[in-house]
Amino acid sequence: MVRIAVDLNRCQGYAQCAFLAPEIFAMHGDEALLYDPEADDAPREKLDRAAAACPVQAILVDAVEPGGLEPGAADAPAEGVSRAR
Ligand code: SF4
């Protein structure tokens, strides 16, 4: 299973991901991003390209470690995915 996490605190709505992997990412309005966090049907190459194309590197592919760590817990910067507002 491929797990995806997007740091919505970083996401600026540039829509590069929605352009490159529309099966997974979609824009809702001008800035809100919708995505499927369990992207089993998406080609891995597309996901990797979408993550690489994100100008603010907000997309994590394979976000959950096998040992059960939370997305981004292992090596994300301080302002990573788990920060809540
Ligand atoms: S490419 Fe990055 S900044 Fe743009 S919508 Fe996707 S996640 Fe957000």
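The buried residues of helix H2 (44-53) are covered by elements that include S1, H1, S2 and S4. This is a predicted model, in which local features need pLDDT of at least 70, side-chain atom pairs count only at pLDDT 80 or more, and totals for chains, interfaces and linings use all residues. Residues are numbered from 1 along each chain as its sequence is written.

Which residues of H2 are buried? They are Leu-47, Ala-50 and Ala-51. A residue is buried if 20 or more other C-beta atoms lie within 10 Å of its own, exposed if 12 or fewer, and partly exposed in between, with C-beta atoms placed from the backbone. Exposed residues Glu-45 and Ala-52 are on the face of H2 turned away from its buried side.

The largest nonpolar core has 15 residues. Such a core is a set of buried Ala, Val, Leu, Ile, Met, Phe, Trp, Tyr and Cys residues joined through C-beta atoms within 7 Å. Ile-4, Leu-47, Ala-50 and Ile-59 have the most contacts inside it. S1 and H2 each supply at least two residues of this core. In soluble globular proteins, nonpolar side chains tend to be buried together.

Ala-50 reaches several parts of the chain. Leaving aside residues up to four places away in sequence, Ala-50 touches Gln-16, Cys-17, Leu-20, Ala-21, Phe-25 and Ile-59. Contact here means C-beta atoms, placed from the backbone, within 7 Å.

## Overall layout

The protein chain has two helices and four strands. Their order along the sequence is β-α-β-β-α-β. Helices (H or I, at least four residues) and strands (E, at least two) are DSSP runs, numbered from the N terminus. Of the 85 residues in the protein chain, 21% are buried. Among contacts with a separation of 6 or more, 57% join residues 24 or more positions apart.

Leu-20 and Arg-49 are 29 residues apart in sequence, yet their C-alpha atoms are 7.1 Å apart. Besides Arg-49, Leu-20 touches Lys-46, Ala-50 and Ala-53, again not counting residues up to four places away.

Strand S2 (residues 25-28) and strand S3 (residues 32-35) run antiparallel and are joined by four bridges. Two strands pair if DSSP finds at least two bridges between them. S2 and S3 form a hairpin with three residues between them. In the turn, Gly-29 has a positive phi of about 80 degrees.

Ala-26 lies in S2. Its bridge partner in S3 is Leu-34. Ala-26 touches Leu-34 and Ala-18, not counting residues up to four places away in sequence. The C-alpha atoms of Ala-26 and Asp-36, ten residues apart along the chain, are separated by 9.2 Å.

## Loops

Gly-13 is in the loop between strand S1 (4-6) and helix H1 (16-20). Which residues does Gly-13 touch, not counting those up to four places away in sequence? They are Met-27, Asp-30, Glu-31 and Leu-33. Gly-13 and Asp-30 are 17 residues apart in sequence and 7.1 Å apart, C-alpha to C-alpha.

Ala-15 is found in the loop between S1 and H1. Its phi is near 70 degrees, a positive value in a residue other than glycine. Gln-57 lies in the loop between H2 and strand S4 (59-61). Gln-57 also has a positive phi, near 50 degrees. Most residues other than glycine have a negative phi, and most peptide bonds are trans.

| Residue | C-beta neighbours inside 10 Å | Class |
|---|---|---|
| Gly-13 | 14 neighbours | partly exposed |
| Ala-15 | 16 neighbours | partly exposed |
| Leu-20 | 19 neighbours | partly exposed |
| Ala-26 | 15 neighbours | partly exposed |
| Gln-57 | 12 neighbours | exposed |

## Around the ligand

How many residues surround the ligand? There are 14, and the closest are Cys-11, Tyr-14, Gln-16, Cys-17 and Cys-54. A residue is near the molecule if its C-beta atom, placed from the backbone, lies within 6 Å of it. The shell has eleven nonpolar, three polar and no charged residues. Ala, Val, Leu, Ile, Met, Phe, Trp, Tyr, Cys and Pro count as nonpolar, Asp, Glu, Lys and Arg as charged, and the others, Gly among them, as polar.

Notes
Contact = placed C-beta atoms within 7 Å.
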